[in-house]
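Subject: Structure handover

Hello,

Here is the structure you were waiting for. Please open it alongside this email.

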Amino acid sequence: FCKTFMKQSLVQYIENIKSPHATIASVMNQENFFTIVNEIFRKNIHSMDELHEASIHEIFYFTIPEWKKEFSIDTVKEVISALSLRPYNGKNIFVLDHFDTAGPPAQNATLKMIEECPDYAVIILIVENPRKLLPTIDSRTILLFNENLHQVDDATTSLLEKFFTGSNADKMNWISYLYQNDFSQEKAKTILIKVFPYLNFAQQHECKKILIALESTYENPKLLLETFFLWEDFF
């Protein structure tokens, strides 16, 4: 498997799952889900049948019961119950397949679960049509669906890494970069996803708030980035 052919946002998400830090819930198609599974668990899985045969203990799979037509609130309750199970190491991954069939009650129950998800758990919603999700779900998850997600160039990546690992002068170099450039919503979102593994619990909480603001308000992405990176906890 070669990371060169993976879109950068997906690579960042895989790195975050591997890290000890909390992982934001995500929405994706099956192809990207299998990419994650194969990279993290060193498998060669390309179908749900193969996933079941592999019996990966850290993956908990939930889908539409055969006798129903949609992802039900009863199934969401099963997921919530399973969330209490702690892994021996790493993180448990909770997969909600065909989640775009869920009605408002099931989605609202899932929203509460996403907001209260423990650090040792990862919630992945597999969908065919992300537009069927409620705005509240969309604003609290990372979309890893489109093939043309924005990528962060090497120069920006280098400045970001030095912000967290370098001196105060390196921090100011990044702040200067923020002041001198404009940022689209997608680029701002990608930057925040990229830095998420570097953050402690309090910083991750603030990062999530900025991500939600990017999705649910018309605030300037540049100003939101400045608000986050000028937070006193970084200095």
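First, the ground rules. This is a predicted model, in which local features need pLDDT of at least 70, side-chain atom pairs count only at pLDDT 80 or more, and totals for chains, interfaces and linings use all residues. Residues are numbered from 1 along each chain as its sequence is written, and side-chain values use heavy atoms, with hydrogens and water left out.

**The sheet**

Five strands form an open sheet in the order S2-S3-S4-S1-S5, with parallel pairing. Strand S2 (59–62) and strand S5 (142–144) are the edge strands, each pairing on one side only. From one strand to the next, the twist averages 20°. Helices (H or I, at least four residues) and strands (E, at least two) are DSSP runs, numbered from the N terminus. Two strands pair if DSSP finds at least two bridges between them.

Look at S4 next. Strand S3 (residues 92–97) pairs with strand S4 (residues 121–126) in the parallel sense, over six bridges. Phe-94 has Ile-123 as its bridge partner in S4. For Val-95, the bridge partner in S4 is Ile-124. Strand S1 (residues 26–28) also runs parallel to S4, joined by three bridges. Here Val-27 has Leu-125 as its bridge partner in S4.

How many residues of S4 are buried? Six of the six are, so S4 is largely enclosed by the rest of the structure. Buried means under 20% relative accessible area, exposed means over 50%, and partly exposed lies in between (1.4 Å probe, protein chains only). In a regular strand, side chains alternate between the two faces of the sheet. In S4, Ala-121, Ile-123 and Leu-125 point one way, while Val-122, Ile-124 and Ile-126 point the other.

Helix H5 (residues 104–115) packs on the sheet and touches S3 and S4. The direction of H5 makes about 150° with that of S4. Axes are lines fitted to C-alpha atoms, for helices over the stretch in contact, and angles run from 0 to 180 degrees between N-to-C directions. Contact means heavy atoms within 4.5 Å.

**The cores**

The largest nonpolar core has 49 residues. Those with the most contacts inside it are Phe-33, Trp-174, Leu-192, Phe-228 and Phe-229. A nonpolar core is a set of buried Ala, Val, Leu, Ile, Met, Phe, Trp, Tyr and Cys residues joined through side-chain atoms within 4.5 Å. Not counting residues up to four places away in sequence, Phe-229 touches residues including Leu-160, Trp-174, Leu-192 and Phe-235. Apart from this core lies another, of 26 residues, with Phe-71, Val-76, Ala-82 and Tyr-120 among them.

Ala-82 sits in helix H4 (residues 73–82). Ala-82 counts as buried because its relative accessibility is 11%. Leaving aside neighbours within four places in sequence, Ala-82 is in contact with Phe-60, Phe-62 and Phe-94. From Ala-82 to Phe-94 is twelve residues in sequence and 8.6 Å in space, C-alpha to C-alpha.

Grid points are joined across faces, edges and corners, and a volume is the space filled by probe spheres set on the points.

The largest pocket has a volume of about 490 Å³. Its lining has 25 residues, of which Ile-24, Ile-114, Glu-115, His-205 and Lys-208 lie nearest its centre. Which helix gives the most to that lining? H10 does, with eight residues. H5, S4 and helix H10 (201–216) each supply at least two.

There is one cavity of 30 Å³ or more. The largest cavity has a volume of about 40 Å³. Helix H1 (residues 8–18) gives the most to its lining, with three residues.

**Two loop residues**

Ser-55 lies in the loop between helix H3 (48–54) and S2. Ser-55 has a positive phi of about 50° although it is not a glycine. His-98, in the loop between S3 and H5, has a positive phi of about 60° and is not a glycine either. Ser-55 is partly exposed, at 47% relative accessible area. His-98 is partly exposed too, at 30%.

Best wishes

Key. 1 Å grid on protein atoms, 1.4 Å probe; cavity = no way out; pocket = protein on both sides within 12 Å on 5 of 7 lines; lining within 4 Å.
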